[in-house]
Amino acid sequence: MLPLSDGLRPRQFPVVNVALIVANFAVWIFYELPHLNASIYHASFYPCTVDNACHGPEPWEISWFTAMFTHGSWDHILGNMLFLAIFGKNVEDAYGHFRYLVFYVAGGFAAMMTQTAVTLLLGTASAARVPNLGASGAIAAVLGAFIVLYPTARIRTLVLVFFVQIPAWVFLGGWFVYQLVEGHAGLTSASANGGGVAFFAHIGGFAFGALVTLALLNAGRVAPQRAQRSILVPV
């Protein structure tokens, strides 16, 4: 299912979210496309560098960040940026610009470390050498924040050839359950890398985003659009 709209208009222009999307596309077009394989090799994150089982092109303390802006194909970056565009703008609206940027980067780190821990503890040595890349871990944190902030927002989505509206808690909850199922399948097959998809990065990012946002919401540190939320009812 492809999300098309969250039905909410942000109260302020999402300057950070737009800048993140522009940065991802800039890295893809100007850095990766000219020499795709070499760029992926150099900028990706390798779990085996954390426990010194291998040596990557860059130290892991740097590569976890560069990998957040690196993608493997047009489908990869377009899918990630679609989700970030739909869900990120109103999370930024609730967090504020600077806090949202810190949250996004921290979410990416939490996601990458979750995937790394699972790979090193439960995966194979070869799985630990597979390059990890993409913004989806940080975006998963944004999705976790959104489900806490706007659980009843109506997500307009395309299902086959039909346009439908689904409550955010159903859409994003279903997405998270899918990550859990596929992540478990990867573990039972002893790969821990999800057949090329970092499902545990998605799980870790989503959990981080939801828990941090819930704590900040209870502390009054984030301000979702409560007036708009109050007119929406779950189904």
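**Strands, disulfide and helix**

Guide: In this predicted model, strands β2 (residues 154-159) and β3 (residues 162-167) run antiparallel and are joined by six bridges.

Visitor: Which residue of β3 stands opposite Arg-156?
Guide: Gln-165 of β3 stands opposite Arg-156.

Visitor: And how many residues lie between the strands in that hairpin?
Guide: Two residues lie between β2 and β3, and in this hairpin Leu-160 has a positive phi near 60°.

Visitor: Changing topic: how many disulfides does a search of the whole structure find?
Guide: The search finds one disulfide. Cys-48 and Cys-54 form it, with their sulfur atoms 1.8 Å apart.

Visitor: What is the handedness of the link between Cys-48 and Cys-54?
Guide: The link of Cys-48 and Cys-54 is right-handed, with 75° about the S-S bond.

Visitor: Are those two cysteines buried or exposed?
Guide: Cys-48 and Cys-54 are both buried.

Visitor: On to helix α4, then: what span should its 22 residues have?
Guide: Helix α4 covers residues 74-95, and at 1.5 Å a residue it should span 32 Å. The C-alpha atoms at its ends are 30 Å apart, so the separation agrees with that expectation.

Visitor: Where does α4 bend?
Guide: The bend in α4 is at Gly-88 and amounts to about 40°.

Technical notes:
Residues numbered from 1 in each chain as written. Predicted model: local features only at pLDDT ≥ 70, side-chain atom pairs only at ≥ 80, totals over all residues. Heavy atoms only, no water. Helix = DSSP H or I, 4+ residues; strand = E, 2+ residues; numbered from the N terminus. Expected span 1.5 Å × (residues − 1). Bend = angle between axes of the 7 residues up to and from the residue. Disulfide = S-S within 2.5 Å. Buried < 20%, exposed > 50% of the residue type's maximum accessible area, 1.4 Å probe, protein only. Pairing = 2+ DSSP bridges.
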